[in-house]
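Try each task before you read the solution.

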Amino acid sequence: MSDDPPTPPAELPTDIVNTLDGYPSDQLQHVARYAEELAEHKTREARVEEESDEDDIDDRPDDVPSKATITIKEINDNRYYYWQWREGDTVTSKYKAPVNPDE
């Protein structure tokens, strides 16, 4: 391990780096645990929000069977919702909507 301090990520704002540099190691460990827990919480919130958005677009067309589920496909760096279901050995997909309609 090097005696030099670590290089902060370029994405981290300078004011945060300067604040953290002033903390003793025990406080930094508390901050690290909190930051990890907060990141996990926000990831869960985003996942719940995405699932909620999927529920909002659950207006199933007549030609889509009740067993179909909504999946997300990425095509040319764009994400789209598709209905998807199995018909025998074949998986059938039908376009639903863009994941982010603003894009």
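**Exercise 1. Which residues do ring pairs link into a cluster?**

Before you start: this is a predicted model, where local features need pLDDT of at least 70 and side-chain atom pairs count only at pLDDT 80 or more, while totals for chains, interfaces and linings use all residues. Residues are numbered from 1 along each chain as its sequence is written, and side-chain values use heavy atoms, with hydrogens and water left out.

Solution, step by step:
- Look for rings of Phe, Tyr and Trp (its six-membered ring) whose centres lie within 6.5 Å.
- The structure has 2 aromatic pairs.
- One of them joins Tyr82 and Tyr95, at 5.7 Å centre to centre with 80 degrees between the planes. That makes the pair edge-to-face (planes over 60 degrees apart; under 30 is stacked, the rest tilted).
- Tyr82 sits in strand S2 and Tyr95 in strand S3, 13 residues apart.
- The cluster is Tyr80, Tyr82 and Tyr95.

**Exercise 2. Work out the strand order of the open sheet.**

Solution, step by step:
- Strands are DSSP E runs of at least two residues, numbered from the N terminus, and two of them pair if DSSP finds at least two bridges between them.
- S2 (residues 78-87) and S3 run antiparallel, joined by 8 bridges.
- The order of the 3 strands is S1-S2-S3.

Note on methods. Helices (H or I, at least four residues) and strands (E, at least two) are DSSP runs, numbered from the N terminus.
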